[in-house]
Amino acid sequence: MAELIVISTLNGVLFGMLLFLLSSGLTVIFSMMGVLNFAHASFYMLGAFFGFQLTRWIGFWPALVIAPLLVGVVGMGVERYGLRNTHKHGHVAELLLTFGLAFAIEEIVSMIWGKSPVDYRVPAALDFPAFTIFSTNYPAYKIFMLVVSVVIFIALLVTLKRTRVGLIVQAALTHPSMVGHLGHNVGRVFMLVFGVGSALAGLAGVIAGPSLVTQSDMAALLGPILFVVIVFGGLGSLPGAFIASLLIGLIQTFAVALNGSLASVFGPLDPSLGASPLTDIWNVTIAQIAPILPYLLLVLVLIFRPMGLLGTRES
Amino acid sequence: MHRLIIAAAAALTVLGGAASAQESIKIGYIDPLSGGGASVGEGGLKTFQYLADELNAKGGILGHKVEIVPLDNKTNPQESLVQAQKAVDAGIHYITQGNGSSVGAALEDFVTKNNSRNPGKEVLYFNYAAVDPSMTNEKCSYWHFRWDANSDIKMEALTNYMKDQASIKKVYLINMDYSFGQSVRTAARKMLGEKRPDIQVVGDELHPMLKVTDFSPYIAKIKASGADTVVTGNWGQDFALLLKAAADAGLKVNWYTYYAGGAGGPTAIKQTGLENQVFQISEGVPNSGNKAAMDFEKDFRAKTGISVWYPRAVNEMRMFKAAAEKANSIDPVKVAAALEGMKFEVFDGGDGFMRKDDHQFFQPIYISSFGSLTDKAKEPFDEENTGWGWHIVSKIDTDKTMLPTTCNMKRP
């Protein structure tokens, strides 16, 4: 049992940190620009494919740096030439733009790299068990992913709380027009934030690619969870996104590990009742409903605490 | 003038007749070419295209060229129905599908309805891998023919082998959460319970189908359960990723599987280092020792770059030709009648037949294990360049694979 708890905690924290890399950008972009960026998970996918391609050409380590930068550039381009132009038509137009972009990116990716998974492997230097607990190996690559996410988290925190740039970004989050009046180029701040947010998603893609599966539907698989994270954590709140990411990572991992069902709590149904939808519900285990738990959480949060865990405003 | 018109009309009729004699037979291949099932779907497509080329090189079927029309269903039953309708609208009379019994059941229902509503425009459904037993039992259809042994037949054979392995004490079941996965777990529990009541089932897991990208939480659970053996019907990426996670965690158990040989599977098994501890049940293996099959394998690998993973698809296409020739027609109604009860020498040797009662094909099946190849002359084929290949550990003859059916076939 102790083994299961330790391993599940490690896996949960790891998945949570990966979610945080993605949701941090999304939540900052949302609170700043008021745009729920549907294409955010697509930047994650672009990161994975760029990482895969660059790894082939120049190796994993350069790819780790270059691929996120490329994704960041793409993100800035989207902000500069897409969102800024649609901004005057209101949020719905911006939302639709990112929505269309998500589909376009998915199609383009499957056109270039095909629809089946690409062979994106863990670099040889990290392909060994880092340590063994209770006779279970823990892969070094996963530890590497964890370290990268933690480093990024700290860097992000320091930048936002301790630097001048962070100060302006924080100000622009809540009072964009005031920041503009003070002489800052709000447009450029938006573009940079969008770029950095996309680059973070790209970085998540580069490091997650070899561990998870790199294929053209990876954005669609992860996208919905991101919205749960930022709504749950509170829109625009970085610490909120951090806590929500970890929580959802842990919930998903632990739910898989649990076998409880109504039948195991209250005892099996009388067999004379025969098979019915009720028996199905009675026997379904927590592990089986693990994939829908985050969405259940989303619904509950929206009903009982619309501003989310650490959010300050509604909507 | 009149004569000219008549002559012209006659000439046109003749030309038209000649054209229709050369009209190709289109087979709609409805399987995943995108999403989580794409890796297996693409392998299947390559197989069918190779088989069509093989038939065409020998003059096709009754002089008609065979053409495979790929239709991507994303492993989704609704999408499959859209694709099937598209096929029907394009005048296709034969569809083939394998990946996912959820899809298979939908297609079976589709052809039954389509054929009763549109007499004269019948469509046959050739199933090469959807193995939910219900498709040839309570839900059976006259228009559906299955070349793969159904899940119960496979589990019967697998448990017959397992019952003699004294080292098996604790079994963990992990399957995909849909009709096929559920039938595997139910059959495994029932048959193991009957044959080896001392075996403890320490886990019984159903996980989302083709959606999980990291199986490490499941592997942690298997490990914690203390299982020495895992039984799984997982296929495609759900098998490859499961084994990849097992390799990462260093899980050392025996694996009894239906589809370990699918794309990515052999590579993942090699990673686990579990030599001859992963078993697969199938209707053929590359190193079967049958000369014709091994020559085919060699040429197939050279041309497609993958191994023959669907000997049943070979049986399907060759039997289709034989049935059409027996009926002397490519009319689906006549082909269906000819296929019923048809006997056929299968790909890896031995007799098979299409049971009339339920349209289930019966054939010899093999249990094989995966490990390094010692005798290169006898076993020349490895998988995915791992250096490891399949060895036959047990062969089950056709008559030992027969299970009764509850099918009440409605014939037109």
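Started with contact range in chain B: of the contacts with a separation of 6 or more, 72% are between residues 24 or more positions apart. I keep in mind that this is a predicted model.

Next I looked up the make-up of chain B and found 12 helices and 15 strands. I checked the radius of gyration too: it is 22 Å, close to the 22 Å from the globule rule for 412 residues, so chain B is as compact as a globular protein of that length. Along the principal axes, the C-alpha atoms of chain B fill a box of roughly 90 × 45 × 40 Å. I also noted that 55% of the 412 residues of chain B count as buried.

Then I turned to where the chains meet. I get 26 residues from chain A and 25 residues from chain B in the contact. On the chain B side, helix 2 (38-57), strand 7 (200-207), helix 7 (216-225) and helix 8 (237-249) each give at least two residues. Helix 7 of chain B has the largest share, with seven residues. By type, I see 10 nonpolar, eight charged and seven polar residues on that side of chain B.

Last entry, a helix pair in chain A. I found the axes of helix 2 (residues 40-58) and helix 9 (residues 218-233) of chain A coming within 8 Å and crossing at roughly 140°. That angle is why I call helix 2 of chain A oblique to helix 9 of chain A. The crossing is right-handed. I listed the touching residues: A:H40, A:A41, A:S42, A:Y44, A:M45 and A:A48 from helix 2, against A:M218, A:A219, A:L222, A:G223 and A:L226 from helix 9. They divide into eight nonpolar, three polar and no charged.

Notes. Residues numbered from 1 in each chain as written. Chains lettered and ligands numbered in written order. Predicted model: local features only at pLDDT ≥ 70, side-chain atom pairs only at ≥ 80, totals over all residues. Axes fitted to C-alpha atoms, helices over the stretch in contact; angles between N-to-C directions. Helix = DSSP H or I, 4+ residues; strand = E, 2+ residues; numbered from the N terminus. Parallel < 35°, antiparallel > 145°, perpendicular 65-115°, else oblique. Left-handed = near helix turned anticlockwise from the far one by under 90°. Contact = placed C-beta atoms within 7 Å. Nonpolar A, V, L, I, M, F, W, Y, C, P; charged D, E, K, R; others polar. Rg over C-alpha atoms; globule rule 2.2 N^0.38 Å. Buried ≥ 20, exposed ≤ 12 C-beta atoms within 10 Å, placed from the backbone.
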